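The following exercises concern the structure shown below.

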Amino acid sequence: MKRESIGELEELVLLTVGALLDEAYAVAILDELHKQANRLVDVTAIHSVLRRLEKKGLVGSEMKGATQERGGRRKRYFMLTQAGRQVLEESMAVRMELYQKLPKLTFSPS
Amino acid sequence: MEQNPTSGHPPRWATRLLEWYCDPYLLEDLQGDLYELYYRTITKKSKARANWQYAWLVLRSFRWSAIKKNNPLKNNFIMFSGQHFKVAARVLWRDKFNTILNTVGLSIGIVCFVLLGLYVTQEVTFDHFHSKKDRIYRAWLLEDYGEGKVFFNSNTPVRFEDLFEENFPEFEEVVQYHVRNFPVSRHEQGVISEPVAIISPEFFKVFDFDLIHGNVTKPLAGRYDLIISRAYAEKYFGDEDPIGKTLQLQLNENTTPFTITAVLDNIPQSSSIKFDLAISNVLNRELLGERSLTAWMMVGPETYALVKEEASIESVNAKSQDVVMSYLGEEMNRDEYNIGFQPLTDIHLNPDIPVGIAPVSNPVYVYVLAVIGFLVLLIACINYTTLSIGQSIKRAHEVGMRKVLGAAKRSLMMQYLSESVLVAIVSMGIGGVLAVFLIPTFNRLTGVDLVYLFEWWHLGVFLALGLAIGLLAGIYPAVILTSTKVMTIMRSASGSRGKHWVRKVMVTFQFVITVLLISSALIMQKQIRFLQDKDLGYQYEAFVSVPMFSSAESGRMAERIASARANAELLKTSIEAHPQVSNVTMASHTFGTPGWAELSFTDDKGIFRTFSMLAVDAAYLSAFDMKIVEGRDFEKGSGLDERQSILLNETAVDYFGLENPIGKTLPGNDFGEHRIIGVVKDFHFSSLHQEIEPLVITQNVQPMFRGVSDVGMKDSMIPKLLFKFTGSQLSEVQEILTEAWESTFPNRNLEYAFIDDNVARQYENEARLNKLIAVATVISILIAAIGLLGLTVLVVNSREKEIGIRKVIGASPFQIFHLLARTFSWQLGLGVALSIPLTVWLMRQWLQDFAYRISIGADMFLLSSLIALVVALMVIGYQAWKAALVNPVKSLRTE
């Protein structure tokens, strides 16, 4: 299988989906991104990213939980798929590996 | 009051837009999220902010991945773009000859369409520039006293302004507009008679005429205030600032200085109300006399009413008769005196309401021109269609190959449509620009006043029009090309032979329209020439008319006529000496000027009679070489004739039922002393649209005026001096007249006109229509020729080998020409045959407008068929000649 490469925002969203467990729907992801990464992202951008991720098979989705404040509409909850999990792990591994190679000195103030 | 935060809805349009484009699979969640954010913003910020945010997010969500799969956007839009146009451009580039023919043909058609379209638009949107146009009405007055005593006017009594304001609360404003000629000068020198509008001071609250300078809010506050147009400000004051300056207007015996308070921007061409100088109608008493202010029967100004926004004209119409009866109930019966209203925008093209001050157009001509514009465009589209169908043989293989490779029918159609749309849009660009540049030529050629101001939205219209034309012209070939079966195409090169009848029908239709236009133009030309050459019963060539003036502008009509007559005598003695001047006479009206005085009375049998009257001097009949059929002419120097003798025309004798009229009087009781001394042979004193009407010729108007109850005159009765100029140089007229005039009336400006010009001008409208149709005819011939050229080339190409073989066997060039000509001859024949009944029918309608008309002869059709035939044969002949010249070796060697 061809390995999917993912962008920075995609990776962040994918991570958030994983982190939110059962609560991952677009608005929650938006809030979480704001809280954790201090990133103000347009909700339409989140939707767009989620659609891309779903198409690549990195997340799956399910409709449930209608509430009053949504005009009786259900939410689409996302969850990591096996492939998504793997992509995340690989990318984290790459980062960690590269990070380990950084000379520690660079960070200490002289 | 604080609103419940979760109440309220996001903007509905945004929701609807989202639902329209969004993939249903994604819609619920997306919409839910947007709602959630919407209510969150409502609670945190404000509703306005939330609405704004919601709309923004909906627009931002408009992404490729979110659009519905079967949404029209996702199909047509994309299919139609890029790729197809690229391929189309390549195909068109490859076949340059056809592309050029198509583009040129369409462009010419579009030029014609755009020019006629602009003209028609201008006519139809006449007076539409007023922002309150839908609420402005013009009053009319219809008096009907039975027995044919009907007076219908859109000029109204002066008292209507007050009458309406007092009785119709539905009106926000009522204003009057009147035009009269006054002698105008700046320093009491070089006096020119200028038309001056007399308007209500509130006039500018109703109409959107721009006051650009001076007192723009209350321009006519003072009694002797004057508004001047920009053009006239330049004419009288050059670069000086006209505000506060004065112009002298001679209202009565004395000249009065008027102070200019405001400058008016020049009034647009498409306005019924036009003036360059305007004064206030508070002067009505001085200008029109005490009596006219309260009269019910004397009409003068036009009355315009602005209806309040919440009111309607119907409620005014419903009670107008009651209001009339409350004033006139004792003197009149119900429904004898009727007041009605017509919308401002209706004035220019409504032939049912009589003409007021503003000139009007004939609506039929406007519609005819609109239809012709469309027809010419249709011919151009048909050209494209027939040529493309012809091409289909060539392209059948391409289509077959595409189909074999799996192209869907829909996408193939899009391919062909994008070709035609490309051609149409390019042609639209060329044609549109060309049309705009040709406007001055068009105006000069046809005598219309077309003004075009570019606005950006026109580009959109042009583009849309190009798209429409492209689709119209391309849809049929696209359908044919794509619906043929693959196997038939691939098996034989002949392609779709069965479809050729459509092409033939189209070519025939083209011929029908072309021949129709040619014959119509010819017939109209014949009628107009007939009108201009018809013996009118008098000699009027080289006659010059000089309007005189009376030294007193006010006073009784008879006194003013007498004063002007004395002036005419003065001028007469000073020009008579010239050897090139002969037949000097004077008359109250001249030929070619409508609106001669019409007098009405009830005769001794109780019948209501109307006749025209002409006041002349004793030399009149001999000057114009008119024939006396009974009795005698006026005797020069006879005081009796000057006082009481009258002449009748033959029609008048019949009309009054007189036998042996000589020595008798008119059958009315109140006329002054008069006696009929002779009968003049009928002559056409009005235009040939009308029958000859009863006419009384007199030297003294008093006895006639005394006996009549109604007088109508559109043309002034102030005498005109008339003489024949026998010199060869027309410019000498100017010299002779100027010299005589300046020595006699040094303070006045000279005006004069040639009677033949005026007579010809009566048929100006018809001549203009004829010219417009002639332009359209030339264009349609051109387009049809281009189409024929394309088709012939096609036929020649497809029969190249056949022609080569025929030549080898020994066919002469003429035989080859015959071979090609035969292809189109029966279509041409059928076209001519079909166009004849159509033309006869149309032209009969048109000729109804004339009391004197030609018969539609076969000669016109022969001529037009000949023209069509010659053009067709020339086009075909040229191709045949080229094909015949080609060395057969060349055409036979290539495989």
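**Exercise 1.** In what order do the four strands of the open sheet in chain B lie, and is the pairing parallel or antiparallel?

*Solution.* Some conventions come first. The model is a predicted one, in which local features need pLDDT of at least 70, side-chain atom pairs count only at pLDDT 80 or more, and totals for chains, interfaces and linings use all residues. Residues are numbered from 1 along each chain as its sequence is written, while chains are lettered from A and ligands numbered from 1 in the order in which they are written.

Step 1. Helices (H or I, at least four residues) and strands (E, at least two) are DSSP runs, numbered from the N terminus. Two strands pair if DSSP finds at least two bridges between them.

Step 2. The order is β13-β21-β12-β22 (chain B), with antiparallel pairing. At the edges lie β13 (581-587) and β22 (753-754) of chain B, each of which pairs on one side only.

Step 3. Strand β12 (residues 543-547) of chain B is joined to β22(B) by two bridges. In β22(B), A753(B) is the bridge partner of S545(B).

Step 4. Helix α18 (residues 557-576) of chain B packs on this sheet and touches β12, β13 and β21 (720-725) of chain B. Its direction makes about 180° with that of β13(B); such axes are lines fitted to C-alpha atoms, for helices over the stretch in contact, and angles run from 0 to 180 degrees between N-to-C directions. Contact requires C-beta atoms, placed from the backbone, within 7 Å.

**Exercise 2.** Determine which elements of chain B give two or more residues to the side that touches chain A.

*Solution.* Step 1. In the model, 16 residues of chain B are in contact with 16 residues of chain A.

Step 1. The largest share, ten residues, comes from α2(B).

**Exercise 3.** State where in chain B confidence is lowest and where it is highest.

*Solution.* Step 1. The score used is pLDDT, the predictor's confidence in each residue, from 0 to 100. Chain B averages 82, and 94% of its residues score at least 70.

Step 1. Confidence is lowest in helix α4 (residues 72-80) of chain B, at a mean of 50, and highest in strand β19 (residues 695-698) of chain B, at 92.

Step 2. Over residues 1-6 of chain B, pLDDT stays under 50. For these residues the model has five contacts beyond four places in sequence.

Methods:
Contact = placed C-beta atoms within 7 Å.
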